[in-house]
Every structure is written in structure tokens, then in C-alpha cells.
Amino acid sequence: MTIEYKPIGVIRTPYHNRSETPKAGRDAPDTVCEIIFDEEMEEGLRDVKPGERYALIFCFDRSEGYKLTVPVRGVGPMKSLFATRAPHRPNPIGLSEITIVGVDKNVVRFTGADMFDGTPVLDMKPVQSPDYVPDDSQTQQS
Ligand SMILES: C[S@@+](CC[C@H](N)C(=O)[O-])C[C@H]1O[C@@H](n2cnc3c(N)ncnc32)[C@H](O)[C@@H]1O
């Protein structure tokens, strides 16, 4: 089976290579970056508010190949791929938790970037949706 996704925007950051780019967004918490969503996505951003935490899902478009055992943070110790956040993966999908700084039409400003400038966006969703209803079936007494 082949799955195809179309990017819905692009991430603008000051990072252009591995040495400039934080390994995790918390390593540069004050750097404000931008997501330029395609203009037709603007209505879908209407209820995104400053201060909210979102999962930003993107493509590691400059990743090549993968190994199933990798050095943690590029330097070690060695760990199995799926127990790490390494960018070189069979499906090069990135997931970063970001904080919204502001929204202007189709442009979202945020902190928490750990991706290269020009990285394609696949999706964005709240870390914890206000619509989320916990499943309390495990705790209910009969
Ligand atoms: C360790 S990954 C973590 C990314 C994300 N938080 C995650 O967990 O999926 C971050 C590193 O991926 C690399 N990277 C960032 N953007 C990339 C891109 N568009 N293509 C390939 N590698 C990228 C950079 O070396 C960066 O330091």
C-alpha cells in the first residue's frame, strides 16, 4: 500500500543545517518561527489561539535512509530507532510540540521549532483538544 500526503504549508525557521538546528524545541524555547499555511487553510486556523500547545506534524524532507539502531541525539549511546526521535526513519514524519504565539490569516507564529527552514507541514492538532472526553469506563463502579 502506498500513502500519499500533500503538504499544507511550510515552516520558516532560522535553521538551515544539522549544526544550527536544536535537537528538540525546548533547546531554543524563545525562538519565534512561522508556519505559512496554504491560503486555502485559513478558515481552519480560526480557533487557534496564542498560548495553546499544538502537535506540529511535518515531513523530514532532507532525511535520507535510516538505520534501525542509532546514536541518541547523534552522539550516543546506541538505541533502537523507534525508541528515539531520530529524523532518519522509514517514514520520515516529524512531530514537535509547539506553543502558539499568534495567528494572522494563514500565518501562525510559534515557539518550539526544531526543524530546518522550508520543512513541509502535514498537519497540526491540539496536544489536548478542548473536545477531548476522557474514557472513564475503567473507573466507573457498577
Ligand atoms: C531529533 S529531530 C526531532 C524532531 C521532532 N521533534 C520529532 O520528534 O519528530 C530534530 C532534528 O531533525 C533534523 N531535521 C530537522 N528538520 C529536518 C528536515 N526537514 N529534514 C531532515 N532532517 C531535519 C535536525 O538535525 C534537527 O536537529
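Helices (H or I, at least four residues) and strands (E, at least two) are DSSP runs, numbered from the N terminus. Residues are numbered from 1 along each chain as its sequence is written. The model is predicted, so local features need pLDDT of at least 70 and side-chain atom pairs count only at pLDDT 80 or more, while totals for chains, interfaces and linings use all residues.

**Loop between S4 and S5**

Select Arg73, which is found in the loop between S4 and S5. Its phi is near 55 degrees, a positive value in a residue other than glycine. Arg73 is partly exposed, because 13 other C-beta atoms lie within 10 Å; the scale is buried at 20 or more other C-beta atoms within 10 Å of the residue's own, exposed at 12 or fewer, and partly exposed in between, with C-beta atoms placed from the backbone.

Move to Pro77, in the loop between strand S4 (69-71) and strand S5 (78-80). The peptide bond from Gly76 to Pro77 is cis, with omega near 0 degrees.

**The barrel**

Now show the strands as a cartoon. In the order S1-S2-S7-S6-S3-S8, 6 strands close into a barrel with antiparallel pairing; two strands pair if DSSP finds at least two bridges between them. Neighbouring strands of this sheet are turned by 45 degrees against each other on average, direction ignored. For such angles, axes are lines fitted to C-alpha atoms, for helices over the stretch in contact, and angles run from 0 to 180 degrees between N-to-C directions.

Select S3 (residues 53-59) and S8 (residues 119-126): these antiparallel strands are joined by 5 bridges. Leu56 has Met124 as its bridge partner in S8.

S3 and S6 run antiparallel and are joined by 7 bridges, and the partner of Ala55 in S6 is Glu97.

**The S6-S7 hairpin**

Follow S6 into strand S7 (residues 107-111), with which S6 pairs in the antiparallel sense over 5 bridges. Thr99 has Thr111 as its bridge partner in S7. The hairpin of S6 and S7 has 2 residues between the strands. Select Lys105, in the loop between S6 and S7; Lys105 has a positive phi of about 55 degrees although it is not a glycine. Lys105 counts as exposed because it has 10 C-beta neighbours inside 10 Å.

Leaving aside neighbours within four places in sequence, Phe110 is in contact (C-beta atoms, placed from the backbone, within 7 Å) with Cys33, Ile35, Ile98, Thr99, Ile100 and Val101.

Then select Ile11, Ile35, Leu56, Val108, Phe110 and Val121, which touch the most other members of the largest nonpolar core, a set of 18 residues. The elements giving two or more residues to this core are strand S2 (32-37), S3, S6, S7 and S8. A nonpolar core is a set of buried Ala, Val, Leu, Ile, Met, Phe, Trp, Tyr and Cys residues joined through C-beta atoms within 7 Å.

**The ligand**

Select the ligand and its surroundings. The ligand is surrounded by 18 residues, the closest being Arg62, Arg85, Pro87, Gly94 and Met115; a residue is near a molecule if its C-beta atom, placed from the backbone, lies within 6 Å of it. Strand S6 (residues 93-104) gives the largest share of this shell, 3 residues. By class, the shell has 7 nonpolar, 5 polar and 6 charged residues. Here Ala, Val, Leu, Ile, Met, Phe, Trp, Tyr, Cys and Pro count as nonpolar, Asp, Glu, Lys and Arg as charged, and the others, Gly among them, as polar.

**After S8**

Finally, select Asp135, in the segment after S8. Asp135 is exposed, because 8 other C-beta atoms lie within 10 Å.

Key. Contact = placed C-beta atoms within 7 Å.
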